[in-house]
Amino acid sequence: MQALTAGPAAAPRRQIIVGTTLGVVAMVMMVGGMLAVWSEQRTNFVERDGNWLPSGVVIPEVAANVALIAFIAICTFAQWAVWAAKRNDRGHGVFALSATALVAIMVINAQAFIYSSMGVGIGDGAYATMFYALTGLFMALMIIGVIFSVVAAFRFAGGRSDNEILAAHAIYWYAMSVIYTAIWFVVYVTK
Amino acid sequence: MTTIDPTAEAISSGLEPGDSALGRLLDAVADWLTSTDHKKIGRLFLGGGLLGLLATVAINVIIGVERAGIGNIDDNALAQIFDAQLVGLVFGSLLPLAIGLCVAIVPLQLGARSIAFPRLVAAGFWMWAGGLILAMIALANNGGGLGGNPDMVDLFLGAHGLMAIGLAATGVSIATSVLTTRAPGMTMRRVPFFSMSALVTGLGLVVVMPVLFGTLAYLFLDHRNGREAFGGNTGLYDWAGWIFSPGAAVLFAIPVAGLLAEGAALLFKQRTPARGIVFAGFGLMGVAALGAVTQDAVHNVPWAGTEFYLGGSDDVRQKLYDVVPWAMFNLLPLLGLTIVLLMALFLAKPVKGVKPNLTPALAFGFLGLGMVMVGMIGSALFAIDDLGLQGTVFAEGALIYVVYGTVLAALGGMAHWAPKLWGVNLQAAKVLPLAGLGVLATVLASLPSYVAGFDEPRDIYAILVLVGHVLMALTVLGFIGLLATSIMSQDGQAEADPYDGQTLEWATASPAPANNFVEAPTVMSAEPLADSKSSYGQTHSEKGDS
C-alpha cells in the first residue's frame, strides 16, 4: 500500500470553544426540558386544584429581578475578560474574571435568599419539590460557572495565553443568562 | 507505557513491577482502568455492551419462558425482570455498542491522534458502567419503576441520571472530535460516512440525555419527598419512559446506517457520488431526537373509528395536529434510512472487471439496517390508535428489532475494524454465517410480537420469541468465541489495509498504534486512500467536487 504524504500539524480548530458550546447546548436542553415538564404540571394542577403556587407562599420578586439584572453585569465582565485576553492585558483580565465570579456568587446569594424568604420546604408538596429540583440544578450550574471563572482567573494570572478558554468562559455565562431568563419568566413571573 | 510507579518492594528486589505475572496483570489492569486511549475506551464500551447484551438476552429468555407458560416466576420479581429488560436493551446493549464503535473508530477515520477530551470520554464510560451496575443492584433489591423498596427506587433513578450524564459527556467528545480534529484537508463534506453518522448520534446524545437527566431529577426529588407531583415510582415510565421507546432508540442506531454506507462503497471499490444525499439521510434519521426531547413515547393518531373517517374542517384540523408530529417523528427518520439504503443499493451495482469485496461492514450493516427499518415501521404503526396495538407486545417487538438490528451492525463493525482494534483479521467465511444467524434470531425474537399485536398472545408466539433470543445468544457467543480464538491464536494477523479501503483508518498499522498516526495525513478527497490506488477511478477533486 502506498503511504499518504504527511501534512503539516493540524491547525487548532477551537476545540475548547466547540466543546463548551456543546456542553452549553446540553445545559439549555436540560433546563428547557425541566421547564416544559414544569409548565405541563402547572397546567395539570391548575385544572385539578385551581392553583399551583401553594397558598400563603410569596415569591420575593425583588431578589429574582436583581439576579436577572446581575446577569447583564456577568456577561459584560466575561466579555471584558475576552477583550483583555486579546490584548494580553493581565490586569484587566484578572479583574474582569474576579468580578464575574463575585457577581455570580451574588446571584447564588440571591437564590439562597429566595429559598429562605419563601419558607417552603422541599417536601411541602408538588410545587416545592419541582421548584427545588429546577432551581437546585440551576444553582449547581452557577457553582460550576464560579469555579470556571476562578480557574480561568488563576490561569490567566499565571501567564497562560488563554484566549480560547476565556471565550468559552464567556459563552458559558451567556448561556447561563439565557437559562436564568427562562427560569425567571416561567417560575418567578408566570408563577 | 506503564502508569504505575515502581513499588518499594520491586526496587529493593531489583525487579520492575511488570516482571512477575502478578505485576504484569496489575500493570495491564491499571492501564485499562486509567487509559485515555480512545481505542481502549471504545473497546471497554464494546466489551461492556456485549456483557450487557448477554445478560439482556438471558432476561429475555426468562420472560419468554414465563410467557410460554413453562416458568412460574413470582409476580413481584417479574416486574423487576421487565424493568431489567428495558434497561438492558437500551442502556445495557444498544447505547454502549453503538457508542463504543464510534469512540474506537471515529478518530482513526478522521486522521486524528486522539479523541477530543479523552478524559471526558473516559469519565463518561465509567459513569455509564457505574450507573448500569447500580441500576442492576437496585433491580435486584426490589427497585425499579415497579419496585417496592423506596430506597432502591431512588437508587434506580439516580443510576439512570449517572448514565445520562456519562453518555452526554461521551456525546460531547464524539461530536467535538468530528468538528475539530479532522486531518488537514478533510472538509466536512469529506468526513467518512461512519464518522458523520457518529456526529449525528453524538449530537443526539447531547440534546437527549440532559432532558432525561432533568426529568430524573424531578422524579428523584418527588419520590423522596411526598410523591405528589409524579405519582411515585410509576411516574418513571409516565414521564421518562420515552427513552425506552423504539422511536428514541432509532437515534442511537444511526451508526448502523454509517456502517452500511462504508461497506457499500467497498463492495465494488467505488467512490460515492452525491455524498450530501447520504449525509442528509443521516440528518433525517437524527430527527428521531425530536421525538425524544419532546418527551413523547407514543404519538397517538386517533381516527374516530376503524374506517379512517374524515369529518368537517375542525375534524381535519384536529387530525392534522395529531398526524403532523407523528409523521415528523416517525416518517422522517424512516425516509432518512430509506435514502441511505437506496444509496447503498445503488453502489452495490456490479462493476465490470471488479471482484466483489463483501466486507462484514456491508453484510452486517445491510441486514442490521433492514432490521432497524422494520422496527421503525413498527414504531410508526404502533401510534395509530385504530390499529389497536397499544397495550400489546407490539412495542416490545419494535424495540427489539431496533436494538438487535443495531447489535448485528455493531458485531459487523467489530469484525470490519478488528484489524485496527485487535490486530486480527476475522475470516469472512466464519463471520458472515453469524450475520445470517443473527437476522434469523432478530426476526424470531421480534416478528411474533408484531403478529401477536394484531392477533392475541398465544403460546406459539412466545415460544418463537424464546427461540429467537436463544439464537441471538448463540450469535453473540459465537462472535465472541471467534474473536477470542483469533486474538489468542494470532493466526489471523492483519495487514494494514485488508479491504483495499478508502478512509484513513486503513492508512495506519494494524493494530493501530498509540496516537494512531506517526504523521498527520493530508486529505485531498473524500476517499483519501483511494487517490493512491489504481483500483479506484479519478478523484472527486479532479471531477470538481470539493
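Modeller: Over residues 539-546 of chain B, pLDDT stays under 50, and the model has 13 contacts beyond four places in sequence for this stretch. Where pLDDT is low, the predicted coordinates should not be read in detail. This is a predicted model, and its scores are ipTM 0.92 and pTM 0.91. For chain B the mean pLDDT is 87, and 90% of the residues reach 70 or more.

The setting of the helix pair is as follows. Chain B contains 18 helices and zero strands. Its C-alpha trace spans about 70 × 65 × 40 Å along the principal axes. The radius of gyration of chain B is 24 Å, which agrees with the value near 24 Å that a compact globule of 546 residues would have. Of these 546 residues, 57% count as buried. Among the contacts in chain B with a separation of 6 or more, 82% join residues 24 or more positions apart.

The pair itself consists of helix H4 (residues 75-110) and helix H15 (residues 394-416), both of chain B. Two packed helices are described by the angle between their axes and the distance between the axes. For H4(B) and H15(B) the angle is about 35 degrees and the axes are 9 Å apart. The crossing of H4(B) with H15(B) is left-handed. On the H4(B) side the contact involves Leu89(B), Ser93(B), Leu94(B), Leu97(B), Ala98(B) and Leu101(B). These meet Leu399(B), Ile400(B), Val403(B), Thr406(B), Val407(B), Ala410(B) and Gly413(B) of H15(B). By class, the residues of this contact comprise 10 nonpolar, three polar and no charged.

Ala138(B) lies in helix H5 (residues 118-140) of chain B. The C-alpha atom of Ala138(B) is 20 Å from that of Pro96(B), and the two are 42 residues apart along the chain. Ala138(B) has 26 other C-beta atoms within 10 Å; because 20 or more make a residue buried, Ala138(B) is buried. Beyond its neighbours within four places in sequence, Ala138(B) is in contact with Gly143(B), Gly144(B), Met152(B), Leu155(B), Phe156(B) and Ala159(B).

Chain B also touches chain A, in a contact that takes 38 residues from chain B and 35 residues from chain A. Helix H6 (150-180) and helix H7 (193-224) of chain B each supply at least two residues of the side that touches chain A. H7(B) gives the most to that side, with 11 residues. The side of chain B that touches chain A has 24 nonpolar, 10 polar and four charged residues.

A compact globule of 191 residues would have a radius of gyration near 16 Å, but chain A has 21 Å. Buried residues make up 37% of the 191 residues in chain A. Of the contacts in chain A with a separation of 6 or more, 81% are between residues 24 or more positions apart.

Note on methods
Residues numbered from 1 in each chain as written. Chains lettered and ligands numbered in written order. Predicted model: local features only at pLDDT ≥ 70, side-chain atom pairs only at ≥ 80, totals over all residues. Helix = DSSP H or I, 4+ residues; strand = E, 2+ residues; numbered from the N terminus. Rg over C-alpha atoms; globule rule 2.2 N^0.38 Å. Buried ≥ 20, exposed ≤ 12 C-beta atoms within 10 Å, placed from the backbone. Contact = placed C-beta atoms within 7 Å. pLDDT = per-residue confidence, 0-100. Axes fitted to C-alpha atoms, helices over the stretch in contact; angles between N-to-C directions. Left-handed = near helix turned anticlockwise from the far one by under 90°. Nonpolar A, V, L, I, M, F, W, Y, C, P; charged D, E, K, R; others polar.
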